[in-house]
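Let's take a friendly walk through a protein model. Keep the sequence and the 3D view open as you read.

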Amino acid sequence: MSATVLPGTTVPAQHVNLKLGPGLLQRSGAGEAGPSIVSTRAGTLNHSSNGSKWWVESNSRRYIPAPQESVIGAIVQKVGDGFRVDIGSAHSASLDGLAFEGATKRNKPNLKIGCLVYARVSLAHKDMEPELECFDAQTRKSEGFGEVKGGFLVRCSLKMCRDLLDPKHFLLPLLGARFPLEAAVGMNGRVWVNAKEPKQIIAISRCIEAVDPDGGRLDEAGVKVLLGALDI
């Protein structure tokens with residue numbers, strides 16, 4: 001169930017392992033009131049099927065980092081033993097050179113300016129720059145995170161990224177049934193795609209742009225027609 005909320009709206013989010021996503025803030029309360037959860041932006045309130053994760057989905061153009069979210073960023077500067085990464089937010093994120101699977105002081109990734117990385121937001125606070133890491137926090141394994149090479153970076157709306165991460169969304173399974181592909185979806189409005197042939201990469205990017213709610217809004221039938229026109 002989803003509902004429209006405004007900034008300051010109290011949200012009835014309760015769970016043993018509660019995780020708050022973008023647009024929600026836990027506010028400490030006085031006396032018997034206790035802590036409460038309020039919305040910090042206007043949008044649609046959503047939660048996972050088991051009620052453990054809550055977030056507000058809005059039509060924001062700029063990405064606002066939230067802990068545990070996957071993002072795709074570009075290295076813009078090398079700073080000491082780490083890097084500054086553009087993730088499309090108001091401030092660049094920091095990525096420590098040791099925040100990779102198996103990284104040591106003697107064996108760190110040699111990332112160049114312009115390299116793309118698929119990373120996880122480990123720290124996000126309004127008064128601090130976001131921090132990234134390229135491994136799973138529980139297993140300490142890369143789990144797909146790290147530098148992404150080749151392929152093509154597609155920019156789309158934040159809503160489109162959330163749609164692509166939904167297992168029930170038709171687009172990626174439809175494309176995957178036609179040819180092998182790789183895709184890394186960031187919550188920050190960026191999708192990295194790769195395939196064997198350049199025309200397939202172009203087709204993937206064209207389809208994402210065509211299905212995007214801020215773009216063509218094509219449905220599954222429309223995508224099939226587009227793929228036919230692209231001879232895919």
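How many cavities of 30 Å³ or more does a search of the whole structure find? The search finds one. Before we look inside, here is what you are viewing: this is a predicted model, in which local features need pLDDT of at least 70 and side-chain atom pairs count only at pLDDT 80 or more, while totals for chains, interfaces and linings use all residues. Residues are numbered from 1 along each chain as its sequence is written, and side-chain values use heavy atoms, with hydrogens and water left out.

**The cavity**

Rolling a probe the size of a water molecule over the atoms shows where empty space is left. Here a cavity is a set of points, on a 1 Å grid over the protein atoms alone, where a 1.4 Å probe fits but cannot get out, and its lining residues have an atom within 4 Å of a point. Grid points are joined across faces, edges and corners, and the volume is the space filled by probe spheres set on the points. The largest cavity has a volume of about 120 Å³.

Its lining includes Pro22, Arg41, Val56, Tyr63, Leu158 and Met187. The lining residues divide into six nonpolar, one polar and five charged. In this count Ala, Val, Leu, Ile, Met, Phe, Trp, Tyr, Cys and Pro are nonpolar, Asp, Glu, Lys and Arg are charged, and the others, Gly among them, are polar. Strand β6 (53-57) and helix α1 each supply at least two lining residues, and α1 gives the most, with three. Helices (H or I, at least four residues) and strands (E, at least two) are DSSP runs, numbered from the N terminus.

**Helix α3 and its neighbours**

Helix α3 covers residues 198-211, 14 residues in total. From its first C-alpha to its last, α3 reaches 20 Å, close to the 20 Å expected at 1.5 Å a residue; the expected span is 1.5 Å times one less than the number of residues. Among the buried residues of α3 are Ile201, Ile204, Cys207, Ile208 and Val211. Buried means under 20% relative accessible area, exposed over 50%, and partly exposed in between (1.4 Å probe, protein chains only). An α-helix has 3.6 residues a turn, so residues three or four places apart point the same way. The buried residues of α3 pack against several elements, including β13 (152-155), α2 (171-176) and α4 (220-229).

Let's zoom in on one residue of this helix. Ile204 lies in α3 and counts as buried, at 0% relative accessibility. Leaving out residues up to four places away in sequence, Ile204 touches Leu175, Phe179, Leu181, Val193, Asn194 and Ala195, where contact means heavy atoms within 4.5 Å.

**Sequence distance and space**

| Residue pair | Apart in sequence | Apart in space |
|---|---|---|
| Val5 and Pro65 | 60 residues | 20 Å |
| Gly102 and Gly216 | 114 residues | 43 Å |

Val5 belongs to strand β1 (residues 3-5) and is buried, at 4% relative accessibility. Gly102, in the loop between β9 (93-100) and β10, is exposed, with a relative accessible area of 55%.

**An aromatic pair**

A pair of aromatic rings is described by the distance of the centres and the angle of the planes. This structure holds one aromatic pair. Tyr118 and Phe145 form it, with 5.1 Å centre to centre and 35 degrees between the planes, which makes it tilted. Rings of Phe, Tyr and Trp (its six-membered ring) pair if their centres lie within 6.5 Å; planes under 30 degrees apart count as stacked, over 60 as edge-to-face and the rest as tilted. Tyr118 lies in strand β10 and Phe145 in the loop between β11 and β12, so the pair ties together parts that are 27 residues apart in sequence. Both Tyr118 and Phe145 are buried.

**Positive phi values**

Most residues other than glycine have a negative phi. Glu143 has a positive phi, near 50 degrees. Glu143 sits in the loop between β11 and β12 and is partly exposed, at 49% relative accessible area. Asp231 also has a positive phi, near 60 degrees. Asp231 lies in the segment after α4 and is exposed, with a relative accessible area of 60%.

Key
On a 1 Å grid over the protein atoms alone, a cavity is a set of points where a 1.4 Å probe fits but cannot get out, and a pocket is an open set with protein on both sides within 12 Å along at least five of seven lines; lining residues have an atom within 4 Å of a point.
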